There are 2 protein chains.
Amino acid sequence: MDRMIVPAVAASGETGVLLTDLYELTMLQAYHARGMNATAVFEFFVRALPPERNFLIAAGLAQVVEYLGNLRFEADELEWLARCGRFSPGFVDSLAGLRFTGDVDAMPEGTAFFTDEPILRIEAPLREAQLVESRVINLLHFQTLVASKAARVVLAAGGKHLVDFGLRRAHGAEAGLLSARAAWLAGFSGTATLEAARRFGIPAYGTMAHSYVQAHRDEAQAFDHFALAQSGEVHLLIDTYDTERAARTVVELAPGLAARGAPVRGVRIDSGDLAEHARRVRAILDAGGLRDTTIFASGNLDEHRIAALEAVRAPIDGYGVGTRMNTSSDAPYLDCAYKLQEYAGEPRRKRSEGKATWPGRKQVFRRYDTRGAIAADVVTIAQDGGAFGEPLLVPFMRGGEAIEPRLSLAEGRDHAARQLAKLPEPLRGLAPAAAFVPEIAPELRALATRLDATH
Amino acid sequence: MDRMIVPAVAASGETGVLLTDLYELTMLQAYHARGMNATAVFEFFVRALPPERNFLIAAGLAQVVEYLGNLRFEADELEWLARCGRFSPGFVDSLAGLRFTGDVDAMPEGTAFFTDEPILRIEAPLREAQLVESRVINLLHFQTLVASKAARVVLAAGGKHLVDFGLRRAHGAEAGLLSARAAWLAGFSGTATLEAARRFGIPAYGTMAHSYVQAHRDEAQAFDHFALAQSGEVHLLIDTYDTERAARTVVELAPGLAARGAPVRGVRIDSGDLAEHARRVRAILDAGGLRDTTIFASGNLDEHRIAALEAVRAPIDGYGVGTRMNTSSDAPYLDCAYKLQEYAGEPRRKRSEGKATWPGRKQVFRRYDTRGAIAADVVTIAQDGGAFGEPLLVPFMRGGEAIEPRLSLAEGRDHAARQLAKLPEPLRGLAPAAAFVPEIAPELRALATRLDATH
């Protein structure tokens, strides 16, 4: 193996400050050389929604606040930078004392949002606000991506039990953990990933793998041994060889297992025509007196497949959803950006073709209809006050310190559930609906026009 | 924020042993209860290639070997498991001494491979081989996914400079780092991600962001300040407002900057019609005496867009490729599995509908044609010896210890380049070619038939 290998699990020294692009540091070096460090305002927003997303769910803010609060260069990181040949000693020295001292305003995790709406605003000395760009995007983008996909699964499953199964095909360890978190935020019931359960307090669920059955003489022996060894609930995987035959085996074994203190709580089907297998298995279990034994389905599921199973009233009590949710496979990235909107008190605007931004420090106001559903969003200049409705961005950090906790993960999950309930009905469906487009306030349009005239 | 938040960067205590699914531990508990721990053989393979992949490139093995070598439960992890209410004290105690003591045979990183070919075989006591399933898949799947996508970009770019730009939209920190590694393995020239450069010894490249230009009075001031502050090469981003106007600004500034020791090495274009802008910018630079100043392009690039730019001979010297490569956006996951193939000396076979596996401990042999191109692969029983050609799986661990290093990352990169050169010509194109299907040896088919008859 090559000498450069270090544990893949730990992404950086202590704080992840080098989880950044080289250009952030070349820019900082130039700012340092000129003493430029006035207050900058950056905002994170999504430029366009993927075709199959009628809304997005904000997520990842907790990790951003934590990252900003811990930001610092460790000695070994500074030494490496000094050896790169790109940075002056004076500049590297200046990084030693760098901390995040700015303000963060953001939409609480779980908030539904739309294109062109900033979900996070950082106001800080220019160098701090610039340095954190790469990791702030990395954290907000991914959890928002997964929470938005998972919310569609939640809406499709109509309240049924949903478990994240996605660690193995998530894009690395952090993706596995943070997608479990994002799915839980969006309304999943739990995760199969133990480290996510431990770290975030998410309920853990699991059954057995096909390999367990294969390692035994036959399924009856495998089921018997497995059930008797568990301290928790017993769930058996029944599709290793012949699903219906295995269901009959469960019926035969169940009374004896129950008598020995190991009642079979559920069975899992992972292959074939899930609706048809579930119907046959349900009939076998019911006829065998196992009406309370649940059927759990998994295998390449997503919101569309679950909706189809629900539409035919397949007798399935819960779903394991992995790869397609954790990778947001139909839309594995969002067209998002973290852009400078104001520097030294002056609004700024990027005008690159197809990538122009709305300038200035902004706020999003939301109005509701008489039944409580979201009726309109207005994006406007932050100083305008609350005349337009409910302000969605609220303070999370002041002077580099996290302020009064707004939402725990559990509260964020409740918030997300309330947000889903407030979505206009067409946006709750899986089919692409007419886009919900926030109104750009006349004041903001006027500011953009004024700035365009100055260059 | 909620109490469960810990740094998102570090994925687990020390070794990532809880980066696993709950079911691995419920199975281990059952094995422990019965004293089952004979030798098991598991193999990792890909069942089917995505439509736009004519081959895959094996990657991630170095991290797997490292993970297995470090595998152990830390005290806090055992305490958490004991508190879960699912596991007996005796079982949790048994985990304290668990280490990986098995053998690993695998295709070296950078090897081209196809469906149904095991790229990794683990032979170890059952509990060890089962416990590691989730993380082994997680590591091999992701880097193989990205290396395979990046190899297509490398083939499309015809030797041009390619830089990984993908940290910000990679799925978390580890995805950012490991995708930089996988892209480098596949032939990229470098990465923008500093931590990946530091950790894996990959060259780092970078220019500046639009925000840098926006923070200044005008582009001329921004370019001037930036260039003079750099110790390394100077690259300027020219599409913040008007690309051609900025190119003329570069021409005006370049002589003075060169005189002051800051020659402009290159410019970057990140938006609009890249071919058309590159042509105009090239003409402006050439007319201004900057024939050696390179043009670098970025912005939602992938192999198809690069092939199109190359096809029209756009005067572009290098490409920054991010999101679409790092997320493998057209195919964000592979249909891969890690399956039990033998236990206690007996071959095993999963027969779930649509997911049947080839049983037994296997080897892949490769034959070449007279020009050195890959002619045929044969998947067969490992004990058969080398009569079929070159054996692709070679030893990497014995008795839990990494053995004689086979390939450093740099050597893996060379190996990948040689493998790409040996691909049959149709497989090197971007269009889907007739599938390269390995031959399943008659002995292996006979074994599968025999096993099917026993259940």
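**Helix crossing and chain interface in the predicted model**

H7(A) passes H7(B) in a left-handed crossing, the near helix being turned anticlockwise from the far one by less than a right angle. The model is predicted: local features need pLDDT of at least 70, side-chain atom pairs count only at pLDDT 80 or more, and totals for chains, interfaces and linings use all residues. Residues are numbered from 1 along each chain as its sequence is written, while chains are lettered from A and ligands numbered from 1 in the order in which they are written.

Helix H7 spans residues 173–186 in chain A and residues 173–186 in chain B; helices are DSSP runs (H or I, at least four residues) numbered from the N terminus. The two H7 axes come within 6 Å and cross at roughly 155°, with axes fitted to C-alpha atoms over the stretch in contact and angles running from 0 to 180 degrees between N-to-C directions. H7(A) is therefore roughly antiparallel to H7(B) (angles over 145 degrees). A:Ala173, A:Glu174 and A:Ala175 meet B:Ala173, B:Glu174 and B:Ala175, contact requiring C-beta atoms, placed from the backbone, within 7 Å.

Across the interface, 109 residues of chain B are in contact with 109 residues of chain A. Helix H1 (residues 22–34) of chain B gives the most to the chain B side, with nine residues. Of the interface residues of chain B, 100% are also interface residues in chain A, so the copies meet through the same surface.

Chain B can be laid on chain A with an RMSD of 0.0 Å by a turn of 180° and a shift of 0.0 Å along the axis, after least-squares superposition on C-alpha atoms of residues with pLDDT of at least 70 in both copies. The copies are thus related as by a two-fold rotation axis.

How values were computed:
Contact = placed C-beta atoms within 7 Å. Parallel < 35°, antiparallel > 145°, perpendicular 65-115°, else oblique.
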